[in-house]
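I opened my notebook to look at how parts of a protein pack together. Here is what I looked up.

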Amino acid sequence: MESIGVLMACPMNAYLEDELCKRFNLLRFWNFPDTTEFLKRNANSIRAVVGNAAAGADAKLIESLPDLEIVASFSVGLDKIDLAKCKEKGIRVTNTPDVLTDDVADLAIGLMLATLRRIPASDRYVRGGTWKKGDFKLTTRFSGKTVGIIGMGRIGTAIAKRAEAFDCPISYYSRSKKPGIKYTYYPSVVELASNCHILVVACTLTEETRHIVDRKVIDALGPNGFLINIGRGPHVDEPELVSALVEGRLAGAGLDVFENEPHVPEELFKLDNVVLLPHVGSGTVETRRVMADLVLGNLEAHFLGKPLLTPVV
Amino acid sequence: MAEASEAAPNLPNVLLLKPLAFPHVEAECSRNFLLLKAYDSPQPIHLFLSTHATSVSALLCSAGTPVTTETLRLLPCLRLIVTTSVGLDELDLSECRRRGIAVSNPGAIFADDVADLAVGLLIDVVRKISAADRYVRRGLWRVEGDHPLGNRLGDMKVGIVGLGNIGFKVAKRLEGLGCRILYNSRKKKSFVSYPYHSNICDLASRSDVLVICCALTDQTRRMINDRVLSLLGKDGVIVNVGRGAIVDEEELVRFLLEGEIAGAGLDVFENEPYVPKELFELDNIVLSPHRAVFTPEALQDLEELVVGNLKAFFSSQPLLSQVVFE
């Protein structure tokens, strides 16, 4: 398979890169600043694209790769892949579901605690060397707070289960009510936000869910409410979120994703009631290794004519 | 004091050696009782105590106020100590027991918040939350790319040191995250099925993480020493929400600086507010200024409990929360 051209969209994982290099003819897209020239020379040999949450395969790229057979994403989110185009051209698509569910859910809980209890801010305070006896600021209790989850898929369910161990009542919004779930359902995100203390974004990013957290939802969440985003940056109207935080119309936010990563609105840097993370939801050594093996497994299966491990299209 | 005597001259006396760590609790108490504030008096402490000895049956204190044998001997009429600290290591408990002085502490009202902070610190250390937040705020995500990866929490073996109210709540929360729980405690607890280890060294050698939730006593002072840290190992993590003195702090700092343990989340230190400065350079630790209990809900509960205990005492009712001497 060493002659099969595999295009890696961006740097994502050293182990994955090494293995792809060993097994295929790996082309690193980021090494070619002149993409038109690159595609002219290499388009005909590229039969697979490996993407992730940051870069995938849009219509333009797909059109310029006539021999593309499979797009394997090093992520569970598929928003960077033009799925309709892939379907149209019979291009297979795979992702990495399930293996990262626990890590993302753990991070969501960690973000909730870090934001409400101001753990990074406390750490900054101590490292600043100014801790004086008797100095304290109150932070917000996490246990028992109502958690409202947008999206009750694998990740939403895993977050709910963890929050229950802290006696948090759970409510959710989903396109339709899920049968057999004991949590409180709200038919709109605004109603969910009005009735919870901590709003968590845990759904897929699609045309419908873009800016699902907008000014109305932020107003409904209110000055005592917290927003936690472990979905995708475009789920939230970022300028609205920033002004709500800067103006004190929200109690705080824990954000792992942003509309234009790696850019993070700098107005947030001076706030102690926000926690800002560089998209680390699935960022553990163990899980990234399993995700990489899944990408490799899917590619091998495809080129050996075997059933794909985790097909989406 | 003038205010209180104008309002109701016959309020019962309560002695305060030092200001309470919680000003709002002190304020509420001064509305209900006549606070004799030793710290406000120009008299030296021994003289102040002798002057008021016969009128003092209750003493109110916080962490940071030692109540020694000597102090107790100057208060022959003392029958109750109310402390806002769950930790009792600064009170002469054997003298209290000998004299039949009741002790009331916050009991379990802080347990949720302390447990939440312990879990928050652990997730932070293992998933590098504070470190990654620092990375973003310094503009490094744009310049240097992805932050170094953390580790999976699930399947980690977490050794809880002290399975009291706090330890039990920590265990329950971490089980929800898929961790496996083991524990060490003075006695085995019949209401849990977690594997019990009577020996802290056994616990350390079988754990990936140690979460310290126990009280500071003569038995637990410096219990987490270099031997325990070595047994925890290079990939091990320590979280301390108990008392700084339970850990040999100098050894812990050495282990961290030499990479002999993987990380630590600390809310307490041996000599607060002093924190060893060598720790400030490390990315694999999370530091918190002893504020595990500082939420509005906990402080409101504390205020009600302290005032409630004092009122119960002065009306000869049973205390709301009384420490049982073993």
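My entries go from the chain contact to a pair of helices and then to a record.

**Ground rules.** I am reading a predicted model, where local features need pLDDT of at least 70, side-chain atom pairs count only at pLDDT 80 or more, and totals for chains, interfaces and linings use all residues. Residues are numbered from 1 along each chain as its sequence is written, chains are lettered from A and ligands numbered from 1 in the order written, and side-chain values use heavy atoms, without hydrogens and water.

**Two chains.** I found 63 residues from chain A and 57 residues from chain B in the contact (heavy atoms within 4.5 Å). The buried area is about 5300 Å², with 58% from carbon and sulfur atoms; this is the accessible area (1.4 Å probe) lost on being put together, summed over both parts. On the chain A side, Arg127(A), Trp131(A) and Arg141(A) lose the most area to chain B, together 16% of what that side buries.

**Two helices.** Next I checked H6 (residues 111-127) and H9 (residues 165-176) of chain B, whose axes are 8 Å apart at an angle of about 50°. Helices here are DSSP runs (H or I, at least four residues), and strands are E runs of at least two; axes are lines fitted to C-alpha atoms over the stretch in contact, with angles from 0 to 180 degrees between N-to-C directions. Residues meeting there include Val119(B) and Leu122(B) from H6(B), and Ile166(B) and Arg173(B) from H9(B).

**A record.** UniProt, in an unreviewed entry, lists residues 119-292 of chain B as "domain: D-isomer specific 2-hydroxyacid dehydrogenase NAD-binding"; such annotations may be inferred rather than shown by experiment. I noted 33% helix and 14% strand over residues 119-292 of chain B, with the end C-alpha atoms 11 Å apart.

Conventions
Buried area is the accessible area (1.4 Å probe) that two parts lose on being put together, summed over both.
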